[in-house]
Amino acid sequence: MAAAVLAAFSQAVAQEEQAQERFHKRHIPYRPDRPSIREQVTQKHANRRHHLQRHLSQLQSTISEHTSGRKLLSDEDYERHLKFVQGLHRKLAALEEKDPRIAQLEIEEEIEMHEKMLEGEFLWDMERGELVLKDDLQ
């Protein structure tokens with residue numbers, strides 16, 4: 001009885017190891033109602049400035065409410081908000097200064113990574129606890 005359980009367990013472990021080594025190709029159905037990966041990534045990069053500006057205006061209104069005395073924050077929260085506003089200004093300045101060619105290269109690299117994920121070129125690395133490219137494992 002114990003030998004049968006041990007044999008079944010070792011067979012299950014062997015199958016799991018083989019499954020990790022096998023090339024995976026996911027079936028992604030064609031969805032004409034969804035935008036392509038390229039459209040999604042390009043739209044995300046285009047909206048980044050808008051999202052940062054909106055977040056900055058929300059934080060600045062919170063800080064102005066604190067300074068006017070309408071809605072007081074704790075000293076810790078107030079300092080954290082001020083530091084966050086400085087970081088958002090820095091990020092917006094970096095977006096303004098970024099060369100469009102570099103931005104396009106970043107978009108292309110992100111699209112390439114999405115396509116690799118869809119093709120199954122990533123494996124789960126148990127030691128790192130994350131997805132890694134198959135090329136990086138070897």
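The expected span of a helix is 1.5 Å times one less than its number of residues. Helices (H or I, at least four residues) and strands (E, at least two) are DSSP runs, numbered from the N terminus.

Before selecting anything, note that this is a predicted model, in which local features need pLDDT of at least 70, side-chain atom pairs count only at pLDDT 80 or more, and totals for chains, interfaces and linings use all residues. Residues are numbered from 1 along each chain as its sequence is written, and side-chain values use heavy atoms, with hydrogens and water left out.

**Whole chain**

Select the protein chain and colour by pLDDT, the predictor's confidence in each residue, from 0 to 100. The chain averages a pLDDT of 81, and 75% of the residues score at least 70. Among the elements, H3 has the highest mean pLDDT (93), and helix H5 (residues 134-137) has the lowest (64). Where pLDDT is low, the predicted coordinates should not be read in detail.

Switch to a cartoon. The chain has five helices and two strands, and from the N terminus on the elements run α-α-α-α-β-β-α.

Next, show the surface. The chain exposes about 11,300 Å², of which carbon and sulfur atoms supply 54%; these areas come from the Shrake-Rupley method with a 1.4 Å probe, and for residues only the protein chains shown count as cover. Of the 138 residues, 18% count as buried. Buried means under 20% relative accessible area, exposed over 50%, and partly exposed in between (1.4 Å probe, protein chains only).

A contact means heavy atoms within 4.5 Å. Of the contacts in the chain with a separation of 6 or more, 58% are between residues 24 or more positions apart.

**Helix H4**

Select H4. Its 20 residues should span 28 Å at 1.5 Å a residue, and its end C-alpha atoms are 29 Å apart, which agrees. Ile107, Glu110, Ile111 and Lys116 are the buried residues of H4. Their cover includes H2, strand S1 (122-125) and strand S2 (130-133).

Now pick Glu110. Is Glu110 buried or exposed? Glu110 counts as buried because its relative accessibility is 19%. Not counting residues up to four places away in sequence, Glu110 touches Val41, Lys44 and His45. Show the side chains of Glu110 and His45: a polar contact of 2.9 Å joins them. A polar contact is a pair of N or O atoms within 3.5 Å; within protein, one must be able to donate a hydrogen and the other to accept it, and residues adjacent in sequence count only if both atoms are side-chain atoms.

**Helix H2**

Move to Val41, which lies in helix H2. Val41 is buried, with a relative accessible area of 3%. Leaving aside neighbours within four places in sequence, Val41 is in contact with Ile107, Glu110, Ile111 and His114.

Select the rest of H2. At 1.5 Å a residue, the 32 residues of H2 should span 46 Å, and the end C-alpha atoms are 46 Å apart, which agrees. Where does H2 bend? The bend is at Asn47, by about 40°; the angle is taken between axes fitted to the seven residues ending there and the seven starting there.

In H2, the buried residues are Val41, Leu52, Leu56, Leu59, Ile63 and His66. An α-helix has 3.6 residues a turn, so residues three or four places apart point the same way. What covers the buried residues of H2 includes helix H3 (75-97) and helix H4 (100-119).

Pick His66, found in helix H2 (residues 37-68). His66 counts as buried at 15% relative accessibility. Leaving aside neighbours within four places in sequence, His66 is in contact with Lys71, Leu72, Leu73 and Tyr78.

H2 is followed by Gly69, whose phi is positive, near 90°. Leu72 lies in the loop between H2 and H3 and is exposed, with a relative accessible area of 61%. Leu72 and Thr62 are ten residues apart in sequence and 9.0 Å apart in space, C-alpha to C-alpha.

**Helix H3**

Finish with H3. With 23 residues, H3 reaches 33 Å from its first C-alpha to its last, close to the 33 Å expected at 1.5 Å a residue. Its buried residues are Tyr78, His81, Val85, Gly87, Leu88, Leu92 and Leu95, and their cover includes H2. Select Tyr78: not counting residues up to four places away in sequence, Tyr78 touches Ile63, His66, Thr67 and Leu73.
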